[in-house]
Amino acid sequence: MVRVMASGVFDLIHPGHIDYLKQAKSYGDHLIVVIANDDTVRRNKHEPVTPDVMRAKIVEALKPVDEVIIGGNGDMLDTVAKVRPDMIVLGYDQHFDEKKLESELESKGFKGLKVVRATESADDLNATRRILAKIREMGSR
């Protein structure tokens, strides 16, 4: 069984998330999705619209997803050690360099762990920041 790990905030579910998860699932048999915890979202992006427990519950209900965990506050490698995936699929806009991450994982003992990047969805509102911008624009009319 090939275990695939995908991760993200998944604050406002949109077609870009669905495409990402479908792509991730296509790489293996069991898709584990790591949801960024609220503190991580605040630190790296914005105030979460929905709490991590709620985001996990929503993502868990999506068809491509087999398992969901909420990430910790430590090093991402701690989560990788917990999940033990065979492959990590990054979102098209996640700020990781695939080769650098693969190298770092290998140096930490995760031999043969492949890292690939999903492609961008063609939908207009394929990112939470675009949805929030549209909501703000509608509110200012």
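Asn37 touches Asp52, Arg55, Ile70, Gly71, Gly72 and Asn73, leaving out residues up to four places away in sequence; a contact here means heavy atoms within 4.5 Å. The residue is in the loop between β2 and α2, where helices (H or I, at least four residues) and strands (E, at least two) are DSSP runs numbered from the N terminus. Asn37 counts as buried because its relative accessibility is 7%; buried means under 20% relative accessible area, exposed over 50%, and partly exposed in between, with a 1.4 Å probe and protein chains only. Asn37 and Asp52 are 15 residues apart along the chain, and their C-alpha atoms are separated by 5.4 Å.

The model is predicted, so local features need pLDDT of at least 70 and side-chain atom pairs count only at pLDDT 80 or more, while totals for chains, interfaces and linings use all residues. Residues are numbered from 1 along each chain as its sequence is written, and side-chain values use heavy atoms, with hydrogens and water left out.

Asp38 is in helix α2. With a relative accessible area of 14%, Asp38 is buried. Apart from neighbours within four places in sequence, Asp38 is in contact with Pro48, Thr50, Pro51, Asp52 and Arg55.

**The sheet**

Five strands form an open sheet in the order β3-β2-β1-β4-β5, with parallel pairing. β3 (67-70) and β5 are at the edges and have a single partner strand each, so one side of each is left without a neighbour in the sheet. On average, neighbouring strands of this sheet are turned by 25 degrees against each other, direction ignored. Two strands are taken to pair if DSSP finds at least two bridges between them.

β1 and β2 run parallel and are joined by 6 bridges. Within this pair, Met5 has Ile32 in β2 as its bridge partner. β4 (residues 87-90) pairs with β5 in the parallel sense over 4 bridges, and the bridge partner of Leu90 in β5 is Arg117.

In β2, 6 of its 6 residues are buried. His30, Ile32 and Val34 are on one side of the strand, and Leu31, Val33 and Ile35 are on the other.

Helix α5 lies across β4 and β5 and runs at about 160 degrees to β5. For such angles, axes are lines fitted to C-alpha atoms, for helices over the stretch in contact, and the angles run from 0 to 180 degrees between N-to-C directions.

Phe110 lies in the loop between α5 (98-107) and β5 (114-117). Not counting residues up to four places away in sequence, Phe110 touches Leu77, Val80, Ala81, Arg84 and Leu105. Phe110 and Ile18 are 92 residues apart in sequence and 28 Å apart in space, C-alpha to C-alpha.

One of the contacts of Phe110, Arg84, is in the loop between α4 and β4. Arg84 is not a glycine, yet has a positive phi of about 55 degrees. Phe10 also has a positive phi, near 55 degrees, and is a residue other than glycine.

Phe10 is found in the loop between β1 and α1. His17, in helix α1, touches Phe10, Asp11, Leu12 and Thr128, again without residues up to four places away in sequence. The table gives the accessibility of three of these residues.

| Residue | Relative accessible area | Class |
|---|---|---|
| Phe10 | 2% | buried |
| His17 | 10% | buried |
| Phe110 | 12% | buried |

**The largest pocket**

The largest pocket has a volume of about 990 Å³. A pocket is an open set of points on a 1 Å grid over the protein atoms alone, where a 1.4 Å probe fits, with protein on both sides within 12 Å along at least five of seven lines. Grid points are joined across faces, edges and corners, and the volume is the space filled by probe spheres set on the points.

The lining of the largest pocket has 41 residues, and Ser7, Gly8, Val9, Lys45 and Gln94 lie nearest its centre; a lining residue has an atom within 4 Å of a point. Elements giving two or more residues to this lining are β1 (3-8), α1 (15-25), β2 (30-35), α2 (38-44), α4 (76-83) and α6 (128-139). α2 gives the most, with 4 residues.

By class, the lining has 13 nonpolar, 21 polar and 7 charged residues. Ala, Val, Leu, Ile, Met, Phe, Trp, Tyr, Cys and Pro count as nonpolar, Asp, Glu, Lys and Arg as charged, and the others, Gly among them, as polar.
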